[in-house]
Amino acid sequence: MLEEEYLNGWKRAKADLINYQKDEAKRFEDVVRFSNAVIIKDLLAVLDSFASFEKNLAQPKQDAVGFLAIQSQMQDILKNHGLEKIKVTVGENFNPQFHESVGEAESELPVGVIVEEVTGGYLLNGLVIRPTKVKLSKSK
Amino acid sequence: MAKIIGIDLGTTYSEVAITEAGVPRILENAEGMRITPSTVAISKSGERLVGLLAKRQAITNPKNTIFSVKRLIGRKFTDIEVQHDKKWLPYEIKESATGGVEVKMGDAWYKPEEISAMVLAKLKADAEAKLGEKVEEAVITVPAYFDDSQRQATKNAGEIAGLKVKRILNEPTAAALAYGLNRQKNEKIVVYDFGGGTFDVSVLEVGDDTVEVKATGGDTHLGGDDFDKRVIEYLVGEYKKTDGVDLAKDALALQRLKEAAERAKHELSGAFETEINLPYITSDASGPRHFLLKLTRAKLEELVRDLIDRSVQILGKTVKEAGLDVSAINEIILVGGQTRMPAMQEAVKKYFGKEPHKNLNPDEVVAIGAAAQAGILQGEVKDVLLLDVTPLSLGIETLGGVMTRIIEKNTTVPTAKSQVFSTAADNQPSVEIHVLQGERPMATDNKTLARFILDGIPPASRGTPQVEVTFDIDANGILSVSAKDKATNRSQSIKIEASTSLTKEQIEKLKAEAAQYAEEDRKKKDLAEAKNNAEQLVYASEKAVKDAGEKIPAETKDTITKKIEALKTVKDGQDANAIKNAANELSAEIQKIGAAVYGKNEPKSS
């Protein structure tokens, strides 16, 4: 029946459109989130530099206080945009979901566990945008 | 019906794409990335990892992390290539009982196709998750120079992964498919594929139903990674000169440099200069050391010039082997991320004397082509409804003789669109709706389909009445245009039967004209718009001066009046810039009225 074929085709086309619109809306959301992620990912380099600065600071001097404030300001802004630091503790098991191994170091700890966090890793809205770079223990 | 996926199974990275509604698109993996490293590993805790996760532990687990297995698949252990690659690949490789190759991962030995199968299985699973349905069939691409044994092994890898391999497709052919060049009969195509680790050149000839590979060439150990290496060496050398520290001895610093070098390389495809800034790159007795260096595009090009030259030499040799003259090549396609580099594009362009195809993402071209092939094999779903498109844009004439488009060309019909317009003069009693068809910006250059008048618009100042114009094209291509005054609900309409009665030739001619006169038309439209703006501004300014009355100082009023006069004198001329300048001056001046009026009312601070 041609009539039925046409009607079904029409229904199908309608359904396709509605589905497409839904997909498109979702894709658009993803695009927005993704473009944010691109910028935030680039900014992580600045967070790294701040972290190195803080780490290399022997004694918080007066002029360093300002920098530390800028650091926390930056962290705060990015946190509001969904950025979260991946927490890593020494002795924790290596998990490639969250960690990337960049070297090994001798330690008393069991072989293969994390002995040092080299560069911080981050989650953006719950997804890993950069894994934490870590060193793993090896036997002495 | 289950979908067929297209897979670009690369040496370092793989991609999956699918054709939906005739359009191929890349599918993201479970990690949300469009590319998946072709890497497999058995972690130190005995877990099997594939893709990004395998790559993340490669540095501390090199013996059990398998990558570049494509270099080994389907080869004999005694092949020169295998013997060469064996030297630098960090994992163990041995001869299998049948003379093939086996690699060691964890405690077991695997055939290369088994490793590839693990990559394919992940791609399949991720595609299924993304599509929400089972995937059972695939098109997988291989380099054009792959022999039967390598193709068979790749096919086996697919079968092991649970995929029915519908076709093993040549990578350059896939690239040509992605650009839709398979339809151009007797064309000769060169595909220049500069990947991360390998460089391939292929010369193709499109026959009746086939794409024939006429010649292949390349260098299996030349790629974008070599460019990175050159940049890193340069950075290390410079730092040694300026700061006296050898960063090559610091593994972590070297890794940061590697990332920075890659990033700089990417940035220099768009910019002419980039800054490589790595604070706290290392430390010595004197404390932390920082890395800061500017890298220019010219310097980068200098560093890799010989590599580009080498690729062009290979290119020339391959074209010659195909028995062709450079001038016989019709199309050139660029594939591989490194071809984003302007100097490389320039080198290829110079060699052929014509522009290569590069508008598709060069990392994704092969996967897109594989999906296009999958779409062909799958056969498009038979369309019960045949939907037409409007071949040309439709619109009406508006102030200044400009054509305002209501329905853009190539819109699928049936469709309806409306837009609200207003009057151009105070107390205008009627509007004329001049229905136009064509691509040119000015009304007079397009075809008039109809004219009608909507009258009875109540007196009002210009811009106040709201006239809604609706264009409706039904499934038979019949256009109805209606105009309605929203205040009175008075309306007028007209039906145009022949809106798509143009022949194909006429349509093409109109489109060609639009392209030909594009620049001239743009200027005309620009002038018309400048005049429209000027007119509105004059009107608004006069009104503002009148409304403000005594609130503004006489001298401001004077200047404004002078500027209004100045604009009035130029606005009927033909110089768009003069009109714009006069308008800008007036517009700057007119803001003073606001300042004067509001300034007066400002409460004085005590």
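Author: Start with the contacts in chain B. Among those with a separation of 6 or more, 64% join residues 24 or more positions apart. The chain, as predicted, holds 14 helices and 26 strands. It has 606 residues, and 39% of them count as buried.

Now the helix itself. Helix 9 of chain B covers residues 342-352. Three of its residues, B:Met344, B:Val348 and B:Tyr351, are buried. Viewed down the axis of helix 9, the buried residues fall within an arc of 60°, so they line one face of the helix. What do they pack against? Their partners are strand 13 (188-194), helix 8 (297-321) and strand 18 (331-335), elements of chain B. A buried residue here has 20 or more other C-beta atoms within 10 Å of its own. Turn to the other side of helix 9. There B:Glu346 and B:Lys350 are exposed. After the helix comes B:Gly353. The phi of B:Gly353 is positive, near 70°.

Chain B also meets chain A. In that interface, 18 residues of chain B are in contact with 22 residues of chain A. On the chain A side, helix 1 (2-55) and strand 2 (99-106) are the elements that give two or more residues. Helix 1 of chain A supplies the largest share, 7 residues. By type, the chain A side divides into 10 nonpolar, 9 polar and 3 charged residues.

Notes. Residues are numbered from 1 along each chain as its sequence is written. Chains are lettered from A and ligands numbered from 1 in the order in which they are written. This is a predicted model: local features need pLDDT of at least 70, side-chain atom pairs count only at pLDDT 80 or more; totals for chains, interfaces and linings use all residues. Two residues are in contact if their C-beta atoms, placed from the backbone, lie within 7 Å. Helices (H or I, at least four residues) and strands (E, at least two) are DSSP runs, numbered from the N terminus. Ala, Val, Leu, Ile, Met, Phe, Trp, Tyr, Cys and Pro count as nonpolar, Asp, Glu, Lys and Arg as charged, and the others, Gly among them, as polar. A residue is buried if 20 or more other C-beta atoms lie within 10 Å of its own, exposed if 12 or fewer, and partly exposed in between; C-beta atoms are placed from the backbone. The arc is that of the directions from the helix axis to the C-beta atoms.
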